[in-house]
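I opened this model to look up a handful of places in it, and I am writing down what I found in the order in which I looked. The sequence and the structure come first, and my entries follow.

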Amino acid sequence: QNITCWRKKFLETFFSNVLHGVLDVSSDWRLNDRHFSPLLHSSPHVSQLTLCNMLQGAVELTAEHNQKVLENLAVSLRILKFQHLLSSDQSIRRSLVLLLHRLIHHGSVSQVSMYSWPVPDTVLLVLILSMSAGFWRSGNALTYQSSPCGLCREKDKAQSQESAQAQAERGHCDGREWSDGENKKGSPRAPEEADAEVNRCRADVCLNSVLSGPRSTLQNQACEEASIKVPCDHTSIQGGSSHCISDQLSCHPVLRKTHRRLKSAVGKKRRCLRRSRGPYADPEDLYDFVFTVAREDNSGLLKNSTTEGENAENWTSSSPGSPCTGRAGCKKRGGSAGIFSLKAAHRFRSVSTLELFSIPLTGETCRTLSNLLSSWVSLENLVLSYNGLGDNIFCILSGLRALSRHSDCHLRVVRVSDVFSHMPCMELVCCILSAFPQLHTLSVSFDLKNQLEVNTPEGNPSCSEAEIPESCLEQLEIRFPREPLHTAFLVPVLKASKSLQQLSLDSATLPCSQELGLLLEALKECNPNLKKLSFHDMNLAEHQKEVLLLLQDPILQEITFSFCRLFESSTTEFLSEIINTVKRNSSLKSLKLPGNRLGNQRLVALADIFSEDSSSSLCQLDVSSNCIKPDGLLEFTKKLEGHIQQRGGQIQFTHLRLFQNWLDQDAETAQEALRRLKAVCSVVNDSWDSSQAFADYISVM
């Protein structure tokens with residue numbers, strides 16, 4: 001790790017150990033003092049925090065005696081991680097809600113990461129995702145006396161005063177308009193007509209606000225909250241306007257149930273207004289904000305029927321919600337069919353980075369995430385790693401396409417990796433880039449190809465057919481699940497990415513000998529700013545000409561041939577050509593050759609790159625996993641020392657990587673070689689048991 005301040009690192013680790021009980025404060029008389037709080041003392045130095053298991057840390061941090069600790073974390077904390085979570089009860093979730101609200105909505109947390117959750121609690125997962133996206137119900141949801149957050153209470157009070165004033169002004173203006181209409185028309189029917197018109201307008205506004213919001217009691221209540229800036233008050237739902245709503249609902253049978261929930265919510269709100277503000281009697285109210293599939297599935301609110309989707313199309317077309325349906329794919333048209341919309345939800349501050357590692361996502365959870373993504377404009381970095389998406393990748397793509405239509409979208413980094421690919425890698429790359437030409441980094445990685453036939457959802461044409469606009473892409477990483485590399489599919493991406501600086505291709509097969517040459521021609525023509533090029537686990541043994549062409553490139557500064565079998569069937573002439581080519585290239589700074597069976601003799605020969613007649617500017621050399629033995633390393637060191645002496649000590653070589661070589665076969669010789677090397681450059685190696693590794697290799701042959 002690049003640790004810039006050890007004091008901060010120590011206090012951050014100290015805080016974590018005390019919080020999770022690893023360090024027993026009571027066992028040390030210096031720490032076990034009622035006048036001293038270890039958490040309070042170290043909290044200003046905590047920039048990242050990990051919560052594990054049953055979220056005991058969340059319960060402790062939201063306790064009343066740690067209110068000041070939480071306030072400090074709201075200022076200092078930037079990264080919040082969840083690892084190995086287990087199911088939790090309502091009291092723990094309540095503590096987590098308060099913690100997330102304070103640290104994200106009213107704090108400085110910019111990144112939320114979740115790791116290793118094999119069987120996730122759907123409600124808990126959705127809770128974390130929703131609050132990370134900034135969604136939370138407004139009003140009295142956080143006015144518990146034990147809540148450490150008083151910011152919402154102050155905000156609610158100010159909004160209530162503004163709402164009351166606006167309502168009074170609106171009522172005054174309405175009365176004046178009716179009077180003006182009566183005077184102008186001179187007809188006794190004018191006031192009634194004006195009254196009816198106002199009521200119809202108010203009914204339309206209320207109806208739209210209800211229908212475009214989540215189809216649950218939560219958002220029906222939120223429609224009535226003063227913080228939702230919709231000209232819909234309780235008086236407008238009474239009298240004539242309520243009949244107007246009923247009439248309009250008669251045209252939409254599937255929405256009658258929503259209307260009944262609306263009236264129930266209005267009644268509840270009206271009763272709440274008569275009470276003094278204080279703790280809710282029903283503890284479930286705190287969790288009403290979980291307006292997602294996980295919470296509403298049991299009540300049948302998210303059943304995806306074709307009829308319901310068709311009827312809903314007219315009134316959800318303006319919703320920012322994801323156009324994702326319950327099927328494998330997502331509808332192309334706007335709006336959400338059977339899925340909650342986020343249009344009417346009150347929104348707080350949200351994080352800019354979301355990372356999900358090894359957390360299985362079901363279809364329902366993917367639809368929830370899709371809806372959150374559809375309007376998550378503050379999101380800059382999205383990482384979805386080994387989530388078992390399968391055909392749900394289309395649902396995620398639907399949410400991303402909806403997000404791309406926001407002019408203030410900030411998404412710049414997308415990384416998607418999984419075991420099985422449900423669509424060709426290049427098709428996924430084209431799909432994402434066509435929607436997000438403003439991306440700076442795109443990484444797509446799959447281990448294995450899905451053997452089942454993949455059908456593109458209805459209404460979603462093949463992404464490879466989409467035209468890719470000129471993009472801002474600077475870094476592209478593709479790991480193919482042993483798929484053939486067809487340059488024809490990659491060239492459109494390269495042509496659209498004039499700013500590309502880094503390209504990494506992993507585990508691709510070359511269907512014919514011309515493919516790599518075509519790729520190099522495309523790179524030379526389309527990507528003049530390319531600085532780093534990496535090939536991993538690709539058989540380049542029969543592509544010596546192309547390898548030499550790459551090493552001659554005057555623009556590339558870093559080249560990686562990792563486990564590419566370069567010397568599998570090569571001759572000594574090929575190695576000499578590589579050395580001479582690198583010696584003449586003054587732009588190449590880093591050459592990485594791990595896993596290419598160099599051995600001792602080839603390693604010793606590589607020292608000639610730094611000979612007296614060399615114009616090379618090579619700074620870094622990686623020869624990890626190359627069957628190098630201690631005597632070969634020592635001979636390489638002696639030859640390198642000789643070249644440095646001939647050049648009068650003028651050499652730019654600074655870093656040598658030696659991971660996973662056979663240096664344990666002669667510890668004394670290895671130590672001498674490493675000692676002499678460290679006087680020349682920085683050496684990075686490890687304690688690797690070569691005998692055990694060889695046994696493992698034999699066992700899987």
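**Entry 1: the chain as a whole**

I began with contacts (heavy atoms within 4.5 Å), and I noted that, of the contacts in the chain with a separation of 6 or more, 85% are between residues 24 or more positions apart. This is a predicted model, in which local features need pLDDT of at least 70 and side-chain atom pairs count only at pLDDT 80 or more, while totals for chains, interfaces and linings use all residues. Residues are numbered from 1 along each chain as its sequence is written, and side-chain values use heavy atoms, with hydrogens and water left out.

I then listed the secondary structure, taken as DSSP runs numbered from the N terminus (helices H or I with at least four residues, strands E with at least two), and the chain has 24 helices and 15 strands. For burial I used relative accessible area with a 1.4 Å probe and protein chains only: buried is under 20%, exposed is over 50%, and partly exposed is in between. Of the 701 residues in the chain, 51% are buried. The chain exposes about 32,400 Å² (Shrake-Rupley method, 1.4 Å probe), and carbon and sulfur atoms supply 50% of that area.

**Entry 2: the nonpolar core**

Which residues touch the most other members of the largest nonpolar core? I took a nonpolar core as a set of buried Ala, Val, Leu, Ile, Met, Phe, Trp, Tyr and Cys residues joined through side-chain atoms within 4.5 Å. The largest one has 153 residues, and Phe 82, Phe 535 and Phe 561 touch the most other members. Helix α16 (residues 425-435) gives the most to this core, with nine residues. The core also draws at least three residues from each of domain 1 (2-109) and domain 2 (531-700), with bounds that come from an automatic or database domain assignment.

**Entry 3: aromatic pairs**

I counted rings of Phe, Tyr and Trp (its six-membered ring) as a pair if their centres lie within 6.5 Å, with planes under 30 degrees apart called stacked, over 60 edge-to-face and the rest tilted. By this rule the count comes to five aromatic pairs. Tyr 115 and Phe 357 are stacked, because their ring centres are 4.9 Å apart and their planes are at 5°. This pair links distant parts of the chain, as Tyr 115 is in strand β3 (residues 111-115) and Phe 357 is in strand β4 (residues 353-357), 242 residues apart. Tyr 115 is partly exposed at 24% relative accessible area, and Phe 357 is partly exposed at 23%.

Phe 567 and Phe 574 form a tilted pair, with 6.0 Å from centre to centre and 50° between the planes. Phe 567 is buried at 5%, and Phe 574 is buried at 2%.

**Entry 4: positive phi**

Arg 565 has a phi near 55° and lies in the loop between β11 (558-562) and α20 (572-584); at 40% relative accessibility it counts as partly exposed. Arg 597 has a phi near 60°, and its place is in the loop between β12 (590-592) and α21 (599-606).

**Entry 5: single places**

Is Thr 637 buried or exposed? Thr 637 lies in helix α22 (residues 630-646) and counts as buried, at 0% relative accessibility. Not counting residues up to four places away in sequence, Thr 637 touches Ala 673, Arg 676 and Leu 677.

Glu 477 is in strand β8 (residues 475-479) and is partly exposed at 23%. The C-alpha atoms of Glu 477 and Ser 443 are separated by 4.5 Å, although these residues are 34 apart along the chain.

Helix α14 (residues 363-373) is mostly covered, with nine of its 11 residues buried, among them Thr 365, Arg 367 and Asn 371.

I last checked for disulfides (cysteine sulfur atoms within 2.5 Å), and the count comes to zero. Cys 431 is buried at 5%, whereas Cys 512 is partly exposed at 31%.
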